[in-house]
Amino acid sequence: MVVAERVRPDQQILKWRERIVEVIRQREGLRALLLAGPGGLWLLLFFLLPIAIVFAYSFAHRGPYGTVAWAFTIENYTRFFDWLYIRVFLVSVWLALLSTIICLVIGYPFAYVIARAPRRWRNALLVLVLIPFWTNFLVRTYAIMLLLRADGLINNALLWLGVIERPLPMLFTPFAVVLGLVYGYLPFMILPIYASIEKFDFTLVEAAQDLGANTWHVFWRVLLPLTLPGVLAGSILVFIPSVGAFVTPDLLGGGKVVMIANLINQQFLTVRHWPFGSAVSFVLMAIVLAATMLYFRLGEGRRV
Amino acid sequence: MSTSGIELTVGLTRSATQGETGMGGMRPLERPIDVELVELTKVFDNGVVAVDRVSLQIHQGEFFSLLGPSGCGKTTTLRMIAGFEHPTSGEVLIEGRPMGNTPPFRRNVNTVFQNYALFPHMTVYDNVAFGLRMKRIPRDEIARRVREALQLVRLQGFEERYPRQLSGGQQQRVALARALVNRPRVLLLDEPLGALDLKLRKEMQLELKHLQMTVGITFIYVTHDQEEALTMSDRIAVMNAGRVLQVGTPVEIYERPSSRFVADFIGESNFLRGRVTEVGPGEVTVALDGGFPISVRCDQPPARGTEVTVAVRPEKIRIAPAEAPEANGLVRGRVEEVIYIGTDTFYVVRITDETVVRVRSQNDRNRLDGGQLLPVGTPVSLDWAPDAARVLTE
């Protein structure tokens, strides 16, 4: 009597699994697809496809009652060159640029201090930089509003001290918007700069000093050029969200400071001119792309 | 070295730049003092005494080495001369002027760093020109001096390269050129050959020495490699645990070590323990543990009965079979190990139960044993010239 070798079910599963693993191991293409596939699919469905739709909208007409009428036009783009919208564009770029510069001026020395602190202090200091993220951004922005209001903490304090006679108008000004942007995005400047200073070889500072460089020269000719990658990364990380900021100018600008994202929001929700809103979205993307490329070009020019 | 040092000029020497001539005939120790350390002490924040009351006088044009094991304070001493560390007490004088808290960029010294510390974002040219630009020297003079400096280290044609495109030896030369182009009074070198492989190291040792003779600048050289220090230096200060143990020429340091540490650290030594039994003029008799009385020359003889160590270098010991007619040796023993290394043979000879003596015997026909290796177990007699041994009380 021949006893058929019975394969237990769990062994069968193990065998299949081995077989599958074998196939994946042998086929590089399949492996790459499996690894990148889910993420790729996600991006395709929820990023590329919507962008394509928005891109298509941007060449359409506004139909009656705010619908999208499918007839090709470039009017949405030409319309942007109205001074009204150019101004919004300039204000956005200017406020984002200003915020980036302020973040850089504050963030660089801050990152330097952390990077040069004794090792046991460093992590604690980095946590301090990140603590604001534990609170919702919206809540923090409302907190700034409370500080800046006419009867807010700052004005009351200044009045009490007798420094001013009537409350300073601070809320709903470009100042408030820049303050909010700097406050919100400063960590994004500090962290990459910290990383590059932390990697920096400080014997180079001694070498420069040895060759007659004073503190100023050491900074400009050795430290800054060699930490430029961190400065560039930080600047991009601050500039991009700043130029497209929506909540900050909305709450702290109070409708008096209109940035591009507010314009887009307005076109989609209030004016219901989706095609023009789409066109402005693409202009914003173009600005971001141009700024990023410019920054990277700048970095290459320094041959770092 | 002094004569060739001042006359072979490539525009970088002091005599050419500052018009100081007539120094050529002077021996190094007769020349003015460039760097003087007075009771220099450095105590770090954690209480570690890195440098302990170091006093040295380094003369113009000298190749002076600070030699010692890692952690002996040699690098800290160098960094205090450069101005990177401030002394806890004591004083650094450069050209007779107390440096106090003078920052590095106001001192007439330049440093060649252990890892070269070349600026990675600058070309070779910009690296070498850095110091001159800081001094706001006119552009065409910078170009001329950089060219000369690169010529001096044989790196013409590498101006546009970046440090990462150079080999270790080439980076080393750039570091030298970058320092020398400033025509410093003193060049400080912190283990500059430490990162190079052995062959390149040997080449660079000779090249450095040659370079130093060419430019005539005072070199203060930090190293833990005794052979390197012996090869290049005019004088050596041997350091240990923050203190200078002995200062002298390579010959003095090697032939007449003043302490057990120096005798052990520089080259190899046998240490034989014993007791002084007789004190004569410039000579003492020491009864070694195990019974052999030997007489050793000694400038400052210790008192009778003192426990001492007698140091003898392995290559100073003559070895012969005990029954040979010329075997009237100081010490008798038995061969325990024979190690043949081509040019020489090492013998390990047991003289008492506790003590073995290492002997290095050159393999030539003039050997007492007639060119035959002595087999293990051979009774031998050892002997050395009276001035080959040193009495050490420490």
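**View 1. Val112(B) and its partner across two parallel strands of chain B.** Val112(B) stands opposite Leu189(B), which lies in strand 7 of chain B. Strand 6 of chain B and strand 7 (residues 186-190) of chain B run parallel and are joined by four bridges; two strands are said to pair if DSSP finds at least two bridges between them. Helices (H or I, at least four residues) and strands (E, at least two) are DSSP runs, numbered from the N terminus. This is a predicted model, in which local features need pLDDT of at least 70 and side-chain atom pairs count only at pLDDT 80 or more, whereas totals for chains, interfaces and linings use all residues. Residues are numbered from 1 along each chain as its sequence is written, and chains are lettered from A and ligands numbered from 1 in the order in which they are written.

**View 2. The six-stranded open sheet of chain B.** The strands of this open sheet follow the order 6-7-8-3-9-10 in chain B, with mixed pairing. Strand 6 (109-112) and strand 10 (243-248) of chain B are its edge strands, each pairing on one side only. On average, neighbouring strands of the sheet are turned by 20 degrees against each other, direction ignored.

**View 3. The hairpin of strands 17 and 18 in chain B.** Strand 17 and strand 18 of chain B form a hairpin with five residues between them. Seven bridges join strand 17 (residues 344-350) of chain B to strand 18 of chain B, and the two run antiparallel; Val348(B) has Arg358(B) in strand 18 of chain B as its bridge partner. A residue is buried if 20 or more other C-beta atoms lie within 10 Å of its own, exposed if 12 or fewer, and partly exposed in between, with C-beta atoms placed from the backbone.

**View 4. The surroundings of Cys298(B).** Cys298(B) is found in the loop between strand 13 (293-297) and strand 14 (307-312) of chain B. Because 23 other C-beta atoms lie within 10 Å, Cys298(B) is buried. Not counting residues up to four places away in sequence, Cys298(B) touches Gly282(B), Glu283(B), Val284(B) and Val391(B), where contact requires that the C-beta atoms of two residues, placed from the backbone, lie within 7 Å.

**View 5. Helix 8 against helix 10 in chain A.** Helix 8 (residues 174-199) and helix 10 (residues 215-243) of chain A pack at an angle of about 160 degrees, with their axes 7 Å apart; axes are lines fitted to C-alpha atoms, for helices over the stretch in contact, and angles run from 0 to 180 degrees between N-to-C directions. The two helices of chain A are therefore roughly antiparallel to each other, a term used for angles over 145 degrees. Among the residues that meet are Leu181(A), Tyr185(A) and Phe188(A) in helix 8 of chain A and Leu237(A), Val238(A) and Pro241(A) in helix 10 of chain A.

**View 6. The contact between chain A and chain B.** In this interface, 16 residues of chain A are in contact with 18 residues of chain B. Helix 9 (203-210) and helix 10 of chain A each supply at least two residues of the side of chain A that touches chain B, and helix 9 of chain A gives the most, with six residues.

Terms used
Parallel < 35°, antiparallel > 145°, perpendicular 65-115°, else oblique.
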